[in-house]
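Please keep the sequence and the coordinates at hand while reading.

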Amino acid sequence: MIEIEGITKRYDATTVVDDVSMVIEPRTIAVIVGTSGSGKTTLLRMINRLVEPTAGIIRLDGNDNRSQPDYELRRSIGYAIQGHGLFPHRTVAQNIATVPVLLGWDKARIKARVDELMTLYQLDPEAYGPRYPHELSGGQQQRVGVARALAAEPNVLLMDEPFGALDPIIRTKAQEDLLAIQKRFGTTIILVTHDMEEAVRMGDKIAVMDAGKLVQYAKPAEILAKPASDFVETLVGASEKPFRLLSLGRVSDAVEKGTAEGEAIPGDASQRDALAELLWSGRSALPVKGEDGKPLGRVTVDGLVKRAARPA
Amino acid sequence: MRIRFDKLGVVIAAIAAYAAFLAPFATFRANRIVPGEARSILEALPATTGPLLLAIVVAGALIALLKTPLVLRLAASVVALAALATLIGVAGSFLTPAGNTFARISPASGFWLLIFAFTLLLADVLTRLNLSPWARVGVLVVAALAIGLLLISGQWNSLSILKEYANRADSFWAEGSKHVTLALGSLVAAVVVGLPLGILCHRVEKLRAGALNVLNIIQTIPSIALFGLLIAPLGWVAAHVPGAAALGIRGIGTAPAFVALFLYSLLPVVANTVVGLAGVPRAANDAARGMGMTDRQRLFGVEFPLAFPVILTGIRIVLVQNIGLATIAALIGGGGFGVFVFQGVGQTAMDLVLLGAVPTVALAFAAAIILDAVIEMTATKRRVETA
Ligand SMILES: Nc1ncnc2c1ncn2[C@@H]1O[C@H](COP(=O)(O)OP(=O)(O)OP(=O)(O)O)[C@@H](O)[C@H]1O
Ligand SMILES: [Mg+2]
């Protein structure tokens, strides 16, 4: 659990983060969105004390984050820096191994972990391990940056726009992988992004920041349904709202009785994908199948359209 | 077919033509201090070899002048340099009257210009070949071996500079090792003091401007003046600090020379350390802190390796500078190759001046090539990419 209480950061006269309080429940993902310069990175960096707050307190699992030496704190928190920040003089493998080496893991364990992470991020350890960062593409560098943050299996992970340089296909894959890792290890993640789509997909809760202030901190559905201000409304994208809302739900939750013709859609697909498929194929209903392949029922255009409406 | 000229080749050919036909190849003197008489290539060499050398020079100049393949240019420069190096020795024995031990034969302006022209050609070829650092060091070693062989073979023994050497063989090596010790020792001292000082200047902004200014001022004090300034304090130390005199600390001699070289070396080392550390990408520093490195781990694990090529450039500057400056040490009894230079100046014996100057230049040149190669090797591996 991360408790942020009345955190303020001032540089001279300008207040960059203004009295922000929020609680991130253990084993959940909080996504911070906001315009450029709204203080997202600064807020994130106060958690691992790369920036010292002017006022306020941050507790990790009940302990003030100033209660141990800053370097020990940082070793226990994974940090994927904005714009990757890889060490140019170290190979990919050495970069990923940074924190395990600092923690004094033995060689075999480090190698196993590095190989595991590189394989996960689709970088062949044999081919890419000995390369230097400048020999990678921007997207590959970013994946190495994320792998480095994950290396020591931290309980808390801070990620500053980790997927910005990835193409849509790899980005979706990287998001899924991160969700899987988060589920498996119960990691608490704070993720900064500019991408509302990503925020809705990844976030258990979304924090919206504007000019240093926390404007709204709520579940994605609530942010979509009841934006706290015009700013949040604009950020969410008024015309996108119904689709974002649908993307939060699974087809299995929208199943109706009955049957339909054609190829069945899996129950764990998003309702948004189902609607897209219906509209594209010009049909009014699709069959739905469960994980075991058994038919569950069907989804209809009418049913989905009702779900896309503003919740009461 | 149109004839195309090589731009640098035009210059090389012009120099070579002037040097071969208009400038003297060797100088003959009845003894070591009287003014010399000029001898052209044809006069200085036996009837067969003179025209041969002229032919080699003309052919080499033509190859340089026209746009020709690199291999041919390489061969032309090497052959010309080798011919010049051997034949100047032949000229020495040819011009020396039999049994005369007073006569002095030395290379004259034409010879030096020819060497310069073909070295230029060789350097141009080597640059265009884009040799790896190891290969450049290899070329240096081969050149050094060739010169060493010529020296050992006695081919040059009839030349005046080697006659001066023969008279002073023992002191030559003694002064040589003093020279190298002075240059390297003061460099090591400057690195030992300058690196931490540079790191401190990098970390403490207030200190930076002040320290660099002081070092800049020291750099502008002429060396003779600096020696003068050091005599009094070092003399005082020798007289008042127990054991100092036993260590060889005195107002004149090696101690002030060492201190002066050390002071001159500090600025490049400190300044390059500061610049190198400042050039470390912000993101790398940031990541280092974010990953949980302590200040020490960050300094040695990230900042230092990334700043290393720049720091090494400072060390290169200092080493080359010190090898040259150490010559001045002789003025206050500090020893080194300068001893021959100043003795030679005093006796108006040009050959003796060269006996001190030539090895100094050769040392500086070799040091520059070796350190450049090292810098390139460290920089390619650690290429800094600013993300
Ligand atoms: N060290 C600093 N000194 C002074 N001002 C700073 C400093 N660091 C950040 N700021 C200012 O604080 C504000 C917030 O910066 P921050 O990096 O937190 O924004 P951000 O929300 O992460 O923006 P982006 O989306 O562009 O990354 C900016 O106006 C920035 O100029
Ligand atoms: Mg940011």
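## Basis of the report

The model is predicted: local features need pLDDT of at least 70 and side-chain atom pairs count only at pLDDT 80 or more, while totals for chains, interfaces and linings use all residues. Residues are numbered from 1 along each chain as its sequence is written, chains are lettered from A and ligands numbered from 1 in the order in which they are written, and side-chain values use heavy atoms, with hydrogens and water left out.

## Contact between chain A and chain B

Chain A contributes 22 residues to the contact and chain B contributes 23 residues, where contact means heavy atoms within 4.5 Å. The two chains bury about 2000 Å² between them, with 61% of it on carbon and sulfur atoms; buried area is the accessible area (1.4 Å probe) that two parts lose on being put together, summed over both. On the side of chain A, P88(A), H89(A) and H134(A) supply 29% of the area buried against chain B, more than any other three residues.

One salt bridge is found across this interface, a salt bridge being a side-chain nitrogen of Lys or Arg within 4 Å of a carboxyl oxygen of Asp or Glu. R45(A) and D286(B) meet in a salt bridge through their side chains, at 2.5 Å from N to O. Five residue pairs, both residues at pLDDT 80 or more, are in polar contact across the interface of chain A and chain B. A polar contact is a pair of N or O atoms within 3.5 Å; within protein, one must be able to donate a hydrogen and the other to accept it, and residues adjacent in sequence count only if both atoms are side-chain atoms.

The helices α2 (70–75), α4 (98–102) and α7 (138–150) of chain A each supply at least two residues of the side that touches chain B. Helices (H or I, at least four residues) and strands (E, at least two) are DSSP runs, numbered from the N terminus. By class, that side of chain A has 10 nonpolar, seven polar and five charged residues. Ala, Val, Leu, Ile, Met, Phe, Trp, Tyr, Cys and Pro count as nonpolar, Asp, Glu, Lys and Arg as charged, and the others, Gly among them, as polar.

## Domains

Chain B is assigned domain 1 (7–130) and domain 2 (169–386), with bounds that come from an automatic or database domain assignment. Between them about 440 Å² is buried, 41% of it from carbon and sulfur atoms. In domain 1 of chain B, R29(B), R32(B) and I33(B) lose the most area to domain 2, together 71% of what that side buries.

The domains of chain B share one salt bridge. R29(B) forms a salt bridge with D351(B), the closest N and O atoms being 2.6 Å apart.

Chain A is divided into domain 1 (2–237) and domain 2 (249–308). Their C-alpha centres are separated by 34 Å.

## Surroundings of ligand 1

Ligand 1 has 13 residues around it, of which S36(A), G37(A), K40(A), T41(A) and T42(A) come nearest; a residue is near when one of its heavy atoms lies within 4 Å. The side chain of S36(A) has an N or O atom 2.4 Å from an oxygen atom of ligand 1.

## Salt bridges overall

Over all chains the count comes to 25 salt bridges. In one of them, the side chains of E5(A) and R59(A) meet at 2.8 Å, N to O. E5(A) lies in strand β1 (residues 2–11) and R59(A) in strand β4 (residues 55–60) of chain A, so the pair ties together parts that are 54 residues apart in sequence.
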